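Try each task before you read on.

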Protein chains: 2
Amino acid sequence: MMRKKESTDYANEQSLFQLCERNSAISMISGRWKGQIVYYISQGYDRFHLLQQKLPNISETVLARQLKELESHAILIKREIPNTVPTGIKYILTNKGIDLVPILDSLCNWGKMYADGKKITLAADQQF
Amino acid sequence: MMRKKESTDYANEQSLFQLCERNSAISMISGRWKGQIVYYISQGYDRFHLLQQKLPNISETVLARQLKELESHAILIKREIPNTVPTGIKYILTNKGIDLVPILDSLCNWGKMYADGKKITLAADQQF
DNA sequence: TTTTCTACTAACAATTTTGTCAGGTATTGT
DNA sequence: ACAATACCTGACAAAATTGTTAGTAGAAAA
């Protein structure tokens, strides 16, 4: 475990992680529903009422708001579906949104991997 | 873009993503400071006052609270440092915490990759 | 005409998260 | 004794997020 700057540490310190706003990326996905919305859209549940079906505990208002926020972060965009009965709109992920999916997936795997029993394990060099 | 279950879709639908609590993993890291705290501890800034130096805008109280929350999620643990001047404590990442670091890193890369200009790009099959 | 459907929005209330203030312990140095 | 360092905690205020209620529009079906 390294401390402060040593020359071997340089690449690490200079990493995007160091300079970027760690939190802006986190805040873009940290709504109560955003992860699930992005996921379901990626699965083809790309219309308002389909998302409502998939997320039965979210109200219309809240869903609309979350979609708007995702749109403002350029994670998805709205698109009118031509020739639809009462003017349908579908939501499609931008490339940014598509790239987010595997990251959310790995976050979720991480959560699940350590879900059971809350057993705490440490790296070998931290053992005692 | 697929809809509902088709046999080719099975693996996808069965993915951990589908079954796990997408949000529990997200909520563990979505504090205003948690990402940064985990990162700095991984970089060796493993003591209370070192974290304070690295995060000058966080108050003592809030830092202590965030650390406690991370501890309650088994992302880190406290450990007394023997023979220290006024009883030092250091924070070490559990394996769970260590595994989180590259995920936060990729989240951050993702954020940075799309940071400039907010240009929206779409996948080829969504073009128009 | 009234209802239904889809896709919203504004206004406000409830809840959750953050931040601030004022302590508190334990040890060492002066 | 008094100050300083390191690490907290409880109580409460401020701010942000989420949820609720009531409404909108435009078109088609009853």
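Axes are lines fitted to C-alpha atoms, for helices over the stretch in contact, and angles run from 0 to 180 degrees between N-to-C directions. Helices (H or I, at least four residues) and strands (E, at least two) are DSSP runs, numbered from the N terminus. The model is predicted: local features need pLDDT of at least 70, side-chain atom pairs count only at pLDDT 80 or more, and totals for chains, interfaces and linings use all residues. Residues are numbered from 1 along each chain as its sequence is written.

**Exercise 1.** Find how the axes of α4(B) and α7(B) cross.

Step 1. Locate helix α4 (residues 34-42) and helix α7 (residues 95-113), both of chain B. Their axes come within 10 Å and cross at roughly 115°.

Step 2. Classify the angle. α4(B) is therefore roughly perpendicular to α7(B) (65 to 115 degrees).

Step 3. List the contacts (heavy atoms within 4.5 Å). B:Gly35, B:Val38 and B:Ser42 of α4(B) meet B:Gly97, B:Val101 and B:Leu104 of α7(B).

**Exercise 2.** Determine which residues are closest to DNA strand D.

Step 1. Count residues near the strand (a heavy atom within 4 Å). DNA strand D is surrounded by 21 residues; A:Arg32, A:Thr61, A:Arg65, B:Glu60 and B:Tyr91 are the closest.

Step 2. Look at phosphate oxygens of DNA strand D. One is 3.0 Å from a side-chain N or O atom of A:Trp33. For B:Arg47, the side-chain distance is 3.1 Å. A polar backbone atom of B:Ile89 lies 3.0 Å from a phosphate oxygen.

Conventions. Chains are lettered from A and ligands numbered from 1 in the order in which they are written. Side-chain values use heavy atoms; hydrogens and water are left out. Angles under 35 degrees count as roughly parallel, over 145 as roughly antiparallel, 65 to 115 as roughly perpendicular and the rest as oblique. A polar contact is a pair of N or O atoms within 3.5 Å; within protein, one must be able to donate a hydrogen and the other to accept it, and residues adjacent in sequence count only if both atoms are side-chain atoms.
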